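Trainee: Please show me how a structural model of this kind is read, one feature at a time.

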Amino acid sequence: MIEKNFVIFNGSPKAGGNTDFLIDRFMTFLGEKDVVKFVLREMNISPCRGCEKCSMSGRCVIKDDMHDIYEKIEKYRFFLFFSPVFFGGVPSILKSAIDRCQPFWARKNILGKKFKVNKRKGLVVLIGGTSFVKGYECAALSVKWLFNVIDVAENKTFYYMNIERHSDFLNYNIDNDIYKTMEFFGESER
């Protein structure tokens with residue numbers, strides 16, 4: 001059964017940083033009862049070994065916290081990825097979690113299994129200290145590849161550029177972005 005709840009992925013290795021600050025703002029509007037939040041830096045997630053065992057079974061053989069993430073990806077419809085941009089990409093903790101979604105790729109492309117509901121939606125929120133747009137676009141692509149694999153049909157992206165400290169968010173209308181997000185997810189009546 002697919003749930004209508006939200007799954008938030010916090011891809012920042014830094015506690016209390018700009019990514020945490022922005023997630024807290026979004027959480028105010030989402031309401032915690034509807035949200036599962038994965039703070040990846042607090043989880044035990046090993047990198048993909050490339051063993052290809054998932055190609056035979058559609059399941060990963062590594063025993064760690066990714067299995068909690070797999071369960072939510074299978075059941076939920078709305079996915080929000082928050083991450084800083086590091087050298088034109090997402091941090092290694094988020095990239096490892098994305099790479100470990102290889103079982104979903106194997107199920108879809110080798111085993112011919114798709115998600116039962118295709119009305120999934122995703123949001124990519126990237127925060128960085130630069131205004132170099134190409135770096136944000138490259139980072140967003142990692143998450144969008146995952147969206148393709150897990151059948152997220154629609155997605156939206158926000159870039160928060162030139163953010164060095166929390167006060168730099170004053171240059172953005174975050175509440176409006178959150179409203180647009182809730183509208184995108186069909187939750188604007190909240």
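**Reading the model feature by feature**

Mentor: Let us begin with a pair of residues: the bridge partner of Ser83 is Leu126, in strand 4. The model is a predicted one, in which local features need pLDDT of at least 70 and side-chain atom pairs count only at pLDDT 80 or more, whereas totals for chains, interfaces and linings use all residues. Residues are numbered from 1 along each chain as its sequence is written, and side-chain values use heavy atoms, with hydrogens and water left out.

Trainee: How many bridges join strand 3 to strand 4?

Mentor: Helices (H or I, at least four residues) and strands (E, at least two) are DSSP runs numbered from the N terminus, and two strands pair if DSSP finds at least two bridges between them. Here, seven bridges join strand 3 to strand 4 (residues 120-127), and the two run parallel.

Trainee: Is strand 3 mostly covered or mostly open?

Mentor: Buried means under 20% relative accessible area, exposed over 50% and partly exposed in between, with a 1.4 Å probe and protein chains only. Strand 3 (residues 76-84) is mostly covered, with nine of its nine residues buried.

Trainee: Which residues of helix 4 are buried, and what covers them?

Mentor: An α-helix has 3.6 residues a turn, so residues three or four places apart point the same way. In helix 4, Leu94, Ser96, Ala97 and Ile98 are the buried residues. Their cover includes helix 3 (66-75), strand 3, helix 5 (102-109) and helix 6 (133-149).

Trainee: Which residues have the most contacts inside the largest nonpolar core?

Mentor: In soluble globular proteins, nonpolar side chains tend to be buried together. A nonpolar core is a set of buried Ala, Val, Leu, Ile, Met, Phe, Trp, Tyr and Cys residues joined through side-chain atoms within 4.5 Å. The largest core of this model has 36 residues, and those with the most contacts inside it are Phe9, Leu40, Ile69, Ile73, Phe79 and Ile150. Two or more residues each come from strand 1 (3-10), strand 2, helix 3, strand 3, helix 4, strand 4 and helix 6. Helix 6 provides the largest share of this core, seven residues. A second, separate core holds 23 residues, including Phe6, Met27, Leu123 and Ile127.

Trainee: With which residues is Ile69 in contact?

Mentor: Contact means heavy atoms within 4.5 Å. Once neighbours within four places in sequence are left aside, Ile69 is in contact with Phe9, Phe38, Leu40, Met43 and Ile45.

Trainee: What lines the largest cavity?

Mentor: Rolling a probe the size of a water molecule over the atoms shows where empty space is left. On a 1 Å grid over the protein atoms alone, a cavity is a set of points where a 1.4 Å probe fits but cannot get out; a pocket is an open set with protein on both sides within 12 Å along at least five of seven lines, and lining residues have an atom within 4 Å of a point. Points are joined across faces, edges and corners, and a volume is the space filled by probe spheres set on them. The count is one cavity of 30 Å³ or more, and the largest has a volume of about 40 Å³. Its lining consists of Phe9, Ile69, Ile73, Phe81, Leu94, Ala97, Ile98, Cys101 and Leu146. Helix 4 gives the most to this lining, with three residues. Ala, Val, Leu, Ile, Met, Phe, Trp, Tyr, Cys and Pro count as nonpolar, Asp, Glu, Lys and Arg as charged, and the others, Gly among them, as polar; the lining of the largest cavity thus divides into nine nonpolar, no polar and no charged residues.

Trainee: Which residues lie nearest the centre of the second largest pocket?

Mentor: Of the 15 residues that line this pocket, Lys14, Asn18, Pro84, Ile163 and Glu164 lie nearest its centre. The second largest pocket holds about 290 Å³ of space, and its lining has five nonpolar, eight polar and two charged residues. Asn18 belongs to helix 1 (residues 18-30) and counts as buried because its relative accessibility is 16%. Not counting residues up to four places away in sequence, Asn18 touches Ile127, Ile163, Glu164, Arg165, His166 and Phe169.

Trainee: Where is Glu52 found, and what is its phi?

Mentor: Most residues other than glycine have a negative phi, and most peptide bonds are trans. Glu52, in the loop between strand 2 (35-39) and helix 2 (54-57), has a positive phi near 65 degrees. Glu52 is exposed, at 56% relative accessible area. Phe87 also has a positive phi, near 50 degrees; Phe87 is found in the loop between strand 3 and helix 4 (92-99) and counts as exposed, at 90% relative accessibility.
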